[in-house]
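Welcome, and thank you for taking a look at this structure.

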Amino acid sequence: MPLPPICGEMAIKEGYMMPFILFISCMAIIGLSIYLTRKGVIKPKIRRLPAIDAIDEAVGRATELGRPVHYTVGLGSVSNVQVIAGLSILSYVARKCAEYDTRLIVTFSVPNVQPVVMDLVKEACMAAGKPENFKPEDIRWLSGRQFSFATGVMGIIMREKVAANLLLGYFAAESLIFAEAGFRAGAIQIAGTTNSYQIPFFVTTCDYTLISEELIIAGAYISQIPEQVGTIFGQDLIRLITVALIVIGSILYAVGFKDFYLWLNM
Amino acid sequence: MSRVIKRDIPILLLTFTALFQAADTLIEEPTLNSYADSMRSAASIIGTFALILSVTLLTRLHTRRLQRRRTIIESTVLLISLWIPLVWGLWQFSMGGVSPTIEPFVQGVFNGIVSPGDSTIYAILAFFIASAAYRAFRARSVEATILLVAGIIVMLAKAPIGESIWSGFPILSDWILNVPNRAGVTVIILSAILASIALYVRMMLGYERGWMGRAAE
Amino acid sequence: MRGGGWAVQQSEKSTSLWEKLQEIDVRYIYLLVWIVVSIPILKPLGLPLGSISEETMLLYDFIDHLPPRSIVVMIADQGPAAATECQPGMVAIFRHCVEKDLRVLFFASRTEAVPFIEQCMIDVLGASKDHPDYGKLYVNLGFIPQYEIGLSALAANIFYTTTDAYGNSLKSMEFFKDLPTGTAKDWSLAIYFGNSNVDWVVRQVNDPYGCPVAGGVGAVLVSRIYPYYPQQVIGFLTGLRGSAEYEVLVGKPGSAVAGMDAQSLAHLAIIIMIIIGNIGYFVSKRRIGGF
């Protein structure tokens, strides 16, 4: 049934009333969480993420061994949420590598990531007070093709004998190829992706794995900026509401009350 | 001024575009929907220009290596295989209107080199899975044992030989995939979506700036 | 769960065969896998396929009950790597659609999938654009870029590309003559073939327009589909096994069925290796006194 117009010819699309309400609600909840965190009313804490804590360890190990760190954001473009999360962590890793004079090799598959990574690593080197550590030739677009990219990364990991292999971004079938290559090179491996069907490969082959949202909140975890942590608090509130809706909806549907389900599909 | 250009304008553009596209998804209004359509096409075209940048940088990197007499063979092969099909395909398309998808040389390179290469690297996964499974699948704990047993049941169910060994494997496998797997994957998908919402809000408010090539303060 | 790599503690010098097997050179494992996969391909064992899985059967029944001239959209996203698993399924499903007189609209969401559409049409019809029913019952739109954005545009307007893969105007084709809305509402089924996920297809086709979705996907992706099955994704083919099942259902066994022997032996070999590895693990644990 078409919904009535809200302004002139403008109307909510049929079947999108509930998504519209949820969209506004989510924005409001997160905005409120940021506000309350900034005012100090709530002081949320993110639980420990061993994989992120291990980044320092990984960079330290690479520094001791005199071998490079390899970082890849995988196959996605700069609009992919996993790549964005990977880039947040990259700025931290790049700064650490610059501080310790450790070589950092960054690889990616989609060309539009290149200018972002260049700026990020350059700024990290400058922030560490070591602009001379910025090496554009170590920021490598290998190929837009999945397995050509995989072969290139495998080659870099094996030839350069990387001491730390950070796989944080969007990965598909090549995830196991990267992880095995890193294992053969004797690297400490930290991986993270939201692709549920690649997580098992990372879990079995890597030392530390960020599963799904852990990758996405890693940037906030590293920075510990209150407003960023506030958004995670808001996200958890939305999760609680979602769980409540699922439980209530399941019970009501099971007892034969289908109106709640229809209301959610409005 | 520099901060406005480097920080504020990109964030404003991002916020406007994101909210505009969200409005297009939720709201029915012909002008809005039409502009959103055009915006998506524009995004597609802009993304393609980044390819030109990356090809240029890759060429520069390998040309420098050749000049320094490092990785001569690899860089030569890369530059030849990058530029020759590209130039030839563009030439054929611009002069004769021949689409690269049917141009014989480009298709020959694809079918003869690229396609078998892709298949070969994908096939390597079979070996890697075997070695990773052999090395890592240990019943170290209760959870690991459950994972191990579930994995074995599903593997046997998906291969015809499993049903020959015991007809119960497919039934058990269906239960594993339909119940615990469905619950687990749904949670992972939902968590990722919720985290993405929070990430996008952080981006729109300027707290997350990795996508701009800027570190967080 | 901590995996391999540098963090794994090295055991003391192993003494028993089981423990030595734990530290075997991986090249022996690769050799074993290579032998186990090659032999059945060279000399088929003829193992029975077994029962047809429920998700394949649901897809088959759905297509079987579609009225003639229903529109089925096939989204080809398989590259050369995924084609081994997905292409036989695509051919079998297309064969089924041809038998049921359905209209089939192909498009590729990646450039590498374009030749696979051509090959699919040639395998089933014997020709592609030169077939007499091309333009009436079958149309190939070729490559539509930008995945979800491209599908969204196509779902909103079936004439989005204006021409097919061969440059023919869509509006001149009989295929598109009697479409009520010109959107995905007119589609009876959208089938995704590839190794990515089906979320974007469900989002752009099922959610807004109510078109059911199906999949002919690589086995690794299957666990990801279950949250959508069976409401939004009405059925799917599970990798090579699913393709083999569909080939059997349409009565034309092909490369997927031929690959089943190799799959069986490979799975069995991996399971045996896992069991051996675990025996070695428990033996060494007992020796060190960890039990």
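## A walk through the model

Glu160(A) is partly exposed, with a relative accessible area of 23%. Please keep in mind that what you are looking at is a predicted model.

What does Glu160(A) pair with? Its side chain meets that of Arg103(A) in a salt bridge, 2.8 Å from N to O. Arg103(A) sits in the loop between helix H3 (81–99) and strand S4 (104–108) of chain A, while Glu160(A) belongs to helix H5 (residues 146–160) of chain A, so the pair ties together parts that are 57 residues apart in sequence. Arg103(A) is partly exposed too, at 33% relative accessibility.

Searching the whole structure turns up 27 salt bridges over all chains. Among them is one between Arg145(A) and Glu112(C), whose closest N and O atoms are 3.5 Å apart. This pair crosses between chains: Arg145(A) is in the loop between strand S5 (139–141) and H5 of chain A, and Glu112(C) is in the loop between strand S2 (103–108) and helix H5 (114–125) of chain C. Are these two partners buried or exposed? Arg145(A) counts as buried at 19% relative accessibility, because the cut-off for buried is under 20%. Glu112(C) counts as buried as well, at 12%.

| Salt bridge | N to O distance |
|---|---|
| Arg103(A) and Glu160(A) | 2.8 Å |
| Arg145(A) and Glu112(C) | 3.5 Å |

Back in chain A, have a look at Ala62(A), found in helix H2 (residues 50–65). With a relative accessibility of 1%, Ala62(A) counts as buried. Between Ala62(A) and Tyr100(A) there are 9.6 Å in space, C-alpha to C-alpha, and the two are 38 residues apart in sequence.

Now turn to the helices of chain B. Helix H4 of chain B covers residues 104–136, which makes 33 residues. From first C-alpha to last, helix H4 of chain B reaches 46 Å, close to the 48 Å expected at 1.5 Å a residue. Where does H4(B) kink? The kink, of about 35°, is centred on Asn111(B).

Phe105(B) lies in this helix, H4 of chain B, and is partly exposed with a relative accessible area of 35%. Together with Ile80(B), Ile84(B), Trp88(B), Trp91(B) and Met95(B), Phe105(B) makes a nonpolar surface patch of about 640 Å². Which helix gives the most to this patch? That is helix H3 (residues 72–96) of chain B, with five residues.

The domain assignment of chain C gives domain 1 (6–43 + 260–288) and domain 2 (54–253). Taken over C-alpha atoms, the centres of domain 1 and domain 2 of chain C are separated by 40 Å.

How values were computed
Residues are numbered from 1 along each chain as its sequence is written. Chains are lettered from A and ligands numbered from 1 in the order in which they are written. This is a predicted model: local features need pLDDT of at least 70, side-chain atom pairs count only at pLDDT 80 or more; totals for chains, interfaces and linings use all residues. Side-chain values use heavy atoms; hydrogens and water are left out. Helices (H or I, at least four residues) and strands (E, at least two) are DSSP runs, numbered from the N terminus. The expected span of a helix is 1.5 Å times one less than its number of residues. The bend at a residue is the angle between axes fitted to the seven residues ending there and the seven starting there. Patches are made of residues with over 30% relative accessible area and no salt bridge: like charges are joined within 9 Å, nonpolar side chains (Val, Leu, Ile, Met, Phe, Trp, Tyr) within 5 Å. Accessible areas come from the Shrake-Rupley method with a 1.4 Å probe; for residues, only the protein chains shown count as cover. A salt bridge is a side-chain nitrogen of Lys or Arg within 4 Å of a carboxyl oxygen of Asp or Glu. Buried means under 20% relative accessible area, exposed over 50%, partly exposed in between (1.4 Å probe, protein chains only). Domain bounds come from an automatic or database domain assignment.
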